[in-house]
Amino acid sequence: MQANGTVEPRAADDLAVVLTGGGARGAYQIGVLRWIARRYPGVHFPIVTGVSAGAISATFLAAWQGTHAEAIEELRRLWSGLTIERIFRTEGWSLAGQVARWAARLLSGGSSLAPAVRGLVDAPPLAGTLREGFDGRDGGAIGGVAENLAAGRLWALALVTSHYGTGQSVVWTAGRELTDWRRPDRHSRRATITLDHILASSALPLVFPAVNLGDGWHGDGGIRLTAPCSPALHLGANRVLAVSTRNAPAAGEAVAAASGARSAPYPPPLPISGPLLHAVF
């Protein structure tokens, strides 16, 4: 263990997989991992980190008590079976009720008598969907993580959330021989990973309700830390496989965009809000 809280790299099993956010695009990551599992059947990721939608897949990989290929196939089935109805309530009465509560809250000027609202959508279905996919109840540990740690199949799991009170990124870690570390804009906390940690990491601001993890309200970890590579290094990784959902433009496209930038008109509000949402998704 180093003085700064970073785990000393080990000679073997030091490969980490980093799963970023991206909403439904997180399913793309599973396609990449599926190809890797087929191309390299013996691949193993003892260190797993995830943020936002990537937190769902990261926890699933860390909790699976079987081969990597089997875990990927189960994850593929989980993502393939996701529909809007399994994420939030789409009934007309539910959506209308949410709109009415938000309107009452805004028109009241924040009065304590106004109905409480915690998100644009009513999201209990997402918790139910994840509860089906994981062996974990509300407030309880995700089954399989502790067992894999004890058996040596897993070295560490890290999920990232954003603390709405401090604005910092919080890296929740479960692993072996770990100590907490702190940086100016982020810090780690050892914890028993639960369903609430997954829901908090993937709680898109304003859309999905924040989650109280005991020290305050937490939301989407992708607000400040879109790719949790640093936590993987802190956990002892010497090699990192990062699966991103971003699209790198071709050289010709980049040149064309730059040449037309000087003559472009001032952007209206919607194009300005686009990069903001893109940073979270």
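Residues are numbered from 1 along each chain as its sequence is written, and side-chain values use heavy atoms, with hydrogens and water left out. Because the model is predicted, local features need pLDDT of at least 70 and side-chain atom pairs count only at pLDDT 80 or more, whereas totals for chains, interfaces and linings use all residues.

Helices (H or I, at least four residues) and strands (E, at least two) are taken as DSSP runs and numbered from the N terminus. The axes of helix H1 (residues 26–39) and helix H3 (residues 68–80) come within 9 Å and cross at roughly 155°, the axes being lines fitted to C-alpha atoms over the stretch in contact, with angles running from 0 to 180 degrees between N-to-C directions. H1 is therefore roughly antiparallel to H3, a term applied to angles over 145 degrees. The crossing of H1 past H3 is left-handed, meaning that the near helix is turned anticlockwise from the far one by less than a right angle. Among the residues of H1 that meet H3 are Ile 30, Leu 33 and Ala 37, and those of H3 that meet H1 include Ala 69, Ile 72 and Leu 75, where contact means heavy atoms within 4.5 Å.

Strand S8 (residues 217–220) runs antiparallel to strand S3 (residues 156–163), to which 3 bridges join it; two strands pair if DSSP finds at least two bridges between them. Strand S7 (residues 211–212) also pairs with S8 in the antiparallel sense, over 2 bridges. Within S8, His 218 stands opposite His 163 and also opposite Val 211. S7 and S8 form a hairpin with 4 residues between them, and Gly 214 in the turn has a positive phi of about 100°.

The structure holds 2 aromatic pairs, for which rings of Phe, Tyr and Trp (its six-membered ring) must have centres within 6.5 Å, with planes under 30 degrees apart counted as stacked, over 60 as edge-to-face and the rest as tilted. Trp 35 and Tyr 40 form an edge-to-face pair, at 6.4 Å centre to centre and with 80° between the planes. Trp 35 is exposed at a relative accessible area of 53%, and Tyr 40 is partly exposed at 43%, where buried means under 20%, exposed over 50% and partly exposed in between (1.4 Å probe, protein chains only). Phe 60 and Trp 64 form a stacked pair, at 5.8 Å centre to centre and with 15° between the planes. In this pair Phe 60 is buried at 8%, while Trp 64 is partly exposed at 26%.

Note on methods. Parallel < 35°, antiparallel > 145°, perpendicular 65-115°, else oblique.
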